[in-house]
Amino acid sequence: SRATPALPYVSGVGWRFEYAPGGAPDREVMDRVVKDRPVLLMSICGQCGWINTRAAELLEERNPQALGRLAPRLDASGACTGALDHFHSFSPLDFFSEEEIAPVFETAVPEAIAAVMDEAVSAGVTAMDDVQFYRPFVPYVIKYRESGIFDKVRLRGSLYVDPHDLEDEGRLRDDLAWWKDTAGESDERLTLGKSVKFYIDGTVGNRTSFFLEPYCDDPSYYGRPDWTQEDFDRVIEIADGMHLQTCTHAIGDAGIR
C-alpha cells in the first residue's frame with residue numbers, strides 16, 4: 001500500500017524471477033521491480049526471505065539485532081545481499097510498532113486466518129497446530145478467538161524459541177513462565193501455554209539443512225545446525241524442567257540424529 005509505505009507487505013504478486021542455479025535472489029533484482037518502498041517476501045518453504053534495498057535499510061535501522069536473527073547473507077563489504085536464510089524467525093512486531101501494523105493485524109491477518117480455517121474445514125480438517133507463536137502476537141490471537149474465528153476448529157499453539165534466546169537464560173525462563181501462564185486463556189477451541197517449538201536446521205532449498213554427507217555440488221559443505229549440541233541439550237533441559245512439550249523441526253539426517 002502506497003498509503004502506508006513503512007509496511008512491507010505485497011499482495012497479488014504475479015512476477016517470475018530467474019537466477020543462477022544454486023544461487024539466491026538479491027535485492028538488486030527486487031529493486032528493478034519495486035524500488036520506492038520496502039518489500040519482504042517469504043519463500044513457499046517458509047525458511048528463506050527476500051528483501052529489496054529499502055527493506056534492508058529499514059530493518060537495519062529499526063532493529064539490527066532482530067535482523068541478525070534472520071541470518072542475512074552478506075556481500076564482501078558486509079552489506080545484506082537481500083537473501084535471509086532464517087526468515088522463519090521474522091516477526092513484524094520486532095520492526096514495526098503496533099500503530100504501524102494495526103491496519104494489517106486488524107483486517108488482513110484475521111481475514112486470511114478465517115479463509116484458511118474455512119478451507120481446512122471444507123476438506124474435513126478440524127484440528128491443527130500452529131507451531132510458531134511469537135509472544136507479541138499472542139494478544140492478537142486471543143482477540144481473534146473472541147471474534148469467533150476459531151469456532152469451527154480446535155487450534156493448539158506452540159511458542160517459538162530462537163537459538164539466540166538462550167543467550168539470556170533469565171529472560172528465556174521468564175518468557176517460558178509467561179507462556180505457561182497463558183494456559184489460563186485456553187478453552188475448548190484454543191490451547192495455549194503447553195508446548196514450544198525449535199528448529200534444528202533449515203531446508204534443502206536454501207542449503208541450511210544439516211546432513212551427514214556433503215551437498216552433491218560442494219564436497220566441503222554439509223549444511224549447518226541452528227544449535228550446538230550443548231546449547232540444544234541445555235534448552236531442552238530448561239523446557240522439560242518447566243513441563244513443556246518440545247516440538248522440533250529437522251530435515252537433514254545429521255540434524256535429525
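S158 is buried, with a relative accessible area of 1%, where buried means under 20% relative accessible area, exposed over 50% and partly exposed in between, for a 1.4 Å probe and protein chains only. The model is a predicted one, in which local features need pLDDT of at least 70 and side-chain atom pairs count only at pLDDT 80 or more, while totals for chains, interfaces and linings use all residues. Residues are numbered from 1 along each chain as its sequence is written, and side-chain values use heavy atoms, with hydrogens and water left out.

**Surroundings of S158**

S158 belongs to strand β6 (residues 154–160); strands (E, at least two residues) and helices (H or I, at least four) are DSSP runs numbered from the N terminus. Leaving aside neighbours within four places in sequence, the residues in contact with S158 include D130, F133, W179, S195 and C247, contact being heavy atoms within 4.5 Å. The side chains of S158 and S195 are also joined by a polar contact of 2.6 Å, that is, a pair of N or O atoms within 3.5 Å of which, within protein, one must be able to donate a hydrogen and the other to accept it, residues adjacent in sequence counting only if both atoms are side-chain atoms.

**Helix α6**

W179 is also one of the buried residues of α6, together with L172 and L176. These three cover an arc of only 55° around the axis, which puts them on the same side of α6; the arc is that of the directions from the helix axis to the C-beta atoms. On the other side of α6, R171, D174 and D181 are exposed. The buried residues pack against β5 (127–133), α5 (138–146), β6, β7 (190–199) and α7 (229–241). The 13 residues of α6 (residues 169–181) should span 18 Å at 1.5 Å a residue, and the end C-alpha atoms are 18 Å apart, which agrees; the expected span is 1.5 Å times one less than the number of residues.

**Nonpolar cores**

L176 is among the residues with the most contacts inside the largest nonpolar core, which has 56 residues, and F105, Y144, F150 and V196 are the others. A nonpolar core is a set of buried Ala, Val, Leu, Ile, Met, Phe, Trp, Tyr and Cys residues joined through side-chain atoms within 4.5 Å. Helix α4 (residues 98–122) gives the most to this core, with seven residues. Apart from this core lies another, of six residues, among them V34, V39, L41 and W50.

**Salt bridges**

A salt bridge is a side-chain nitrogen of Lys or Arg within 4 Å of a carboxyl oxygen of Asp or Glu, and by this rule the count comes to 13. Three of these pairs are listed here.

| Pair | Closest N to O |
|---|---|
| D85 and R224 | 3.4 Å |
| R145 and E185 | 3.4 Å |

D85 is buried, at 7% relative accessible area, whereas R224 counts as partly exposed at 31%. R145, in helix α5, and E185, in the loop between α6 and β7, are 40 residues apart. E169 and R173, by contrast, are four residues apart in helix α6 and therefore separated by about one helical turn. Salt bridges that share partners join E169, R173, R234 and E237 into one network.
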